[in-house]
Amino acid sequence: MTLLKIAQIGTPILRERAREVTREELESPAFQQFVDDLVETMRDASGAGLAAIQVYNPIRVCAIEVGDNPRYPYKPKIPLTVLVNPVLTPLSDERFDNYEGCLSVPDLRGVVSRYAELRVQAWDRHGNAIDREVRGITAGTFQHEVDHLDAMLFVDRVTDPRTLCTWKEFTRHQEPAFRARVAEIVARWGS
Ligand code: NI
């Protein structure tokens with residue numbers, strides 16, 4: 001297992017569109033090793049997700065997992081999910097405001113508007129079809145990761161820059177109110 005270097009905002013690769021992965025690539029040991037390293041790197045950095053392009057590999061792959069995460073203690077749990085060539089389709093126009101951060105954007109958080117319910121179509125790491133629905137906070141996490149594959153960072157979607165804050169000030173000033181909102185979102189959408 002190798003821990004990979006995570007590109008930081010300003011690195012040009014974060015502004016490239018990641019390319020599709022072929023079935024032949026999926027079958028290679030090198031690809032499977034890369035996915036293992038991506039997951040390990042995400043866990044080491046306490047990320048809720050990590051896209052391949054964030055570790056300098058511009059392919060349409062991302063990992064998502066939320067357990068007992070110190071960066072996001074209020075997030076509903078998500079079992080480890082690896083998406084290859086994901087396509088997200090909103091299931092309604094309903095949206096919610098999500099306070100987001102990113103391993104490629106050090107010490108900054110901000111409020112982003114996200115769709116509340118999505119259809120997720122992708123391959124898993126072995127090429128099996130994934131076709132499921134995700135809702136609420138979890139849907140926000142999926143949108144954040146897939147944005148990376150389309151050269152977007154959460155800061156691009158922050159509609160009110162006055163919501164930007166450091167992690168320390170988030171904990172101090174924003175987290176109590178946001179936790180209350182998360183509880184409402186979880187009650188409404190189940191995750
Ligand atoms: Ni990110």
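Mentor: Start with pairing: two strands pair if DSSP finds at least two bridges between them. Keep in mind that this is a predicted model.

Trainee: Which strands form the open sheet, and in what order?
Mentor: Five strands form it, in the order β1-β2-β3-β6-β7. The pairing is antiparallel.

Trainee: What makes β1 and β7 edge strands?
Mentor: Each pairs on one side only. β1 covers residues 49–51. Neighbouring strands of this sheet are turned by 40 degrees against each other on average, ignoring direction.

Trainee: How do you know that β6 and β7 pair?
Mentor: Count the bridges. Seven join β6 (residues 117–123) to β7, and pairing needs at least two. Therefore β6 and β7 count as paired. The two run antiparallel. Within them, Leu 118 stands opposite Val 134 in β7.

Trainee: Which helices lie across these strands?
Mentor: Helix α2 (residues 29–44) lies across β1, β2 and β3, at about 40 degrees to β2. Helix α3 lies across β1, β2, β3, β6 and β7, at about 70 degrees to β3.

Trainee: Why is Arg 132 called partly exposed?
Mentor: Its relative accessible area is 34%. Buried means under 20%, exposed means over 50%. The value falls in between, so Arg 132 is partly exposed.

Trainee: Where does Arg 132 lie, and what is it in contact with?
Mentor: Arg 132 lies in β7, residues 129–135. Leaving aside neighbours within four places in sequence, Arg 132 is in contact with Thr 81, Leu 118, Arg 119, Val 120 and Phe 142.

Trainee: What makes Cys 102, His 144 and His 148 donors of the nickel ion?
Mentor: Distance. Their donor atoms, SG of Cys 102 and NE2 of each histidine, lie 2.1 to 2.3 Å from the ion. The cut-off for this metal is 2.8 Å, so these atoms qualify. In sequence the donor residues are spaced C-x41-H-x3-H. Cys 102 sits in strand β4 (residues 95–102) and His 144 in helix α3 (residues 136–149), 42 residues apart. That pair links distant parts of the chain.

Trainee: Why is Cys 102 called buried?
Mentor: Cys 102 has 5% relative accessibility. The limit for buried is under 20%, so Cys 102 counts as buried. His 144 is buried too.

Trainee: How do you know that Cys 165 is in no disulfide?
Mentor: The nearest cysteine sulfur, that of Cys 102, is 14 Å away. A search of the whole structure finds zero disulfides. At 8% relative accessibility, Cys 165 also counts as buried.

Trainee: Which residues touch the most other members of the largest nonpolar core?
Mentor: Seven names to find: Tyr 74, Leu 83, Tyr 99, Val 134, Phe 142, Phe 170 and Phe 178. The core has 34 residues. Elements giving two or more residues include β4, β7, α3 and α5. α5 gives the most, with six residues.

Trainee: What is Val 134 in contact with?
Mentor: Beyond its neighbours within four places in sequence, Val 134 is in contact with Ala 116, Glu 117, Leu 118, Val 120, Ala 139 and Phe 142.

Methods. Residues are numbered from 1 along each chain as its sequence is written. This is a predicted model: local features need pLDDT of at least 70, side-chain atom pairs count only at pLDDT 80 or more; totals for chains, interfaces and linings use all residues. Side-chain values use heavy atoms; hydrogens and water are left out. Helices (H or I, at least four residues) and strands (E, at least two) are DSSP runs, numbered from the N terminus. Buried means under 20% relative accessible area, exposed over 50%, partly exposed in between (1.4 Å probe, protein chains only). Contact means heavy atoms within 4.5 Å. Donors are N, O and S atoms within 2.8 Å of the metal (3.2 Å for Na, K and Ca); water is not among the atoms, so sites may look incomplete. Axes are lines fitted to C-alpha atoms, for helices over the stretch in contact, and angles run from 0 to 180 degrees between N-to-C directions. A disulfide is a pair of cysteine sulfur atoms within 2.5 Å. A nonpolar core is a set of buried Ala, Val, Leu, Ile, Met, Phe, Trp, Tyr and Cys residues joined through side-chain atoms within 4.5 Å.
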